[in-house]
Amino acid sequence: MTLSELVDNLEALPPAPEVLPKLVEIMKDPDTDANDVVSLIQTDPAIVTGVLRLSNSGVYAPPSPVTDLSEAVSMLGIKEIYRIVNLVTSGDFLSGELTSMDIHKGSLWQHSLAVALIMDIIAPEGTDPDGLPYTLGLLHDIGKLALHHGCGDRYANIFRKVETEQISVNVAEAATLGFDHAEVGAKMLENWGFPEEVYLPIRYQYDPHGAGKYKELAGALQVANWGASVIGCNDGRDAWALKMDPDVFHIDETKLEQAVLEGRFRLEKALKAFEPSVS
Amino acid sequence: MSGSPSLPNFFTQKAVVGVGDLAVSNNTTVTISTYALGSCVALVVYDSVVQAGGLIHIMLPDSGLSLEKAQKQPAMFADTGIPLMFRNLMGLRVERKRLKAFVAGGASIISGADMFKIGERNIAAVKKMVNILGIPVIRADIGGVNNRTVHLNIATGEVELKKPTGISKFSLA
């Protein structure tokens, strides 16, 4: 099976997201206002429902129930709504179980959220739009879904290769299948209409030098992926079979550990947003 | 009561220890478990005389990183969490000289700068603390690239270690 054949046959996955790629685009425009965001996201009932549900969660604790999208946007602000749309969209895809990779139900989404939160802390300053690191974190492993559904039966061999040859999972995938989950994820995102600042850092998350002008973002993504593992958010077989490229993204050791620790506390808070509010 | 017929244990309870948390117990219906040990390290201890034990899931080696967070959650760090677990065990009449310990976890990346080898530093920090406290570690399963799951049965001191490559069982009694 070629990469194109795999990515062109994703019937097992939810339909391609339409709102998030457009939202990433309009967030690049400094003139984007709340009306633009409302106009865009109100076209998707599932996202409207998710935004309202999270707006009413214990984390935001509104004084009275939020029942209207415009009200939610004015209460939380565009940046927070952007994050919620990311969460709702990624949750549609990442919440399931990937048995071929020993990834339990909900684990991939929690891992992705942890990477997103650590990216928010460590990503290069001046990233435009400023929510981009968060999006990269949430979507960085989306290729694993396609591989599980399209090539899941090959993973026993892939993990055997990892364990006998001491190579990283993405290298074993490439050697076995001809492509790895980063490449597959990037192709999916490109096909779905995401801009290159999303799919290129994801494509090169294990080889940041290849990402050209996005190499620092790709390097940060590699480090954030490691950081999520440190805080216990990296389910799956051979989850530590990682090779770190030290020459792209520079961060002081203490600052990195503090970011990872802070990421864990932010993760706890974010997960609370999915609990029903207490009123 | 001596001589009483033993009933099947319908009331087995599971205490799940999350990342940066700990549990101790002398309740013989309890199994203490921790899941998805990656670079984190679990220290499991058991005193067979009083049928009591504990498990801590350590995330980072040194509380110097954030004293504020160490106060909120001391079990995150080896240097604050392990002494806390032992203080809690002393309350269950555990005696240090009778304890036996098992260490698991500390997975590490295949290659990269030392700063990313957090699993190795976690293992070193745990070793240092058990040496200071004089606890004999009778078994260890550390390093590699796999996640691990560990269960401690408080009634028997039996430990079950689960890895993708298989399950092993042994006793700390």
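Predicted model: local features only at pLDDT ≥ 70, side-chain atom pairs only at ≥ 80, totals over all residues.
Two residues count as being in contact here if their C-beta atoms, placed from the backbone, lie within 7 Å.

Now for chain B itself. It holds 3 helices and 10 strands, and going along the sequence they come in the order β-β-β-β-β-α-α-β-α-β-β-β-β. The radius of gyration of chain B is 16 Å, close to the 16 Å that the globule rule gives for 173 residues, so chain B is as compact as a globular protein of that length. Its C-alpha trace spans about 60 × 35 × 25 Å along the principal axes. Of the 173 residues in chain B, 47% are buried. Among the contacts in chain B with a separation of 6 or more, 63% link residues 24 or more positions apart.

Over in chain A, one pair of helices is worth a look. Helix H3 (residues 34-41) of chain A packs against helix H5 (residues 69-76) of chain A at an angle of about 135°, and their axes are 10 Å apart. That angle is why H3(A) is called oblique to H5(A). The crossing of H3(A) and H5(A) is right-handed. From H3(A), the residues taking part are A:Ala34, A:Val37, A:Val38 and A:Ile41, and they meet A:Leu69, A:Ser70, A:Val73 and A:Ser74 of H5(A). Sorted by class, this contact between H3(A) and H5(A) has 6 nonpolar residues, 2 polar ones and no charged ones.

Notes. Residues numbered from 1 in each chain as written. Chains lettered and ligands numbered in written order. Axes fitted to C-alpha atoms, helices over the stretch in contact; angles between N-to-C directions. Helix = DSSP H or I, 4+ residues; strand = E, 2+ residues; numbered from the N terminus. Parallel < 35°, antiparallel > 145°, perpendicular 65-115°, else oblique. Left-handed = near helix turned anticlockwise from the far one by under 90°. Nonpolar A, V, L, I, M, F, W, Y, C, P; charged D, E, K, R; others polar. Rg over C-alpha atoms; globule rule 2.2 N^0.38 Å. Buried ≥ 20, exposed ≤ 12 C-beta atoms within 10 Å, placed from the backbone.
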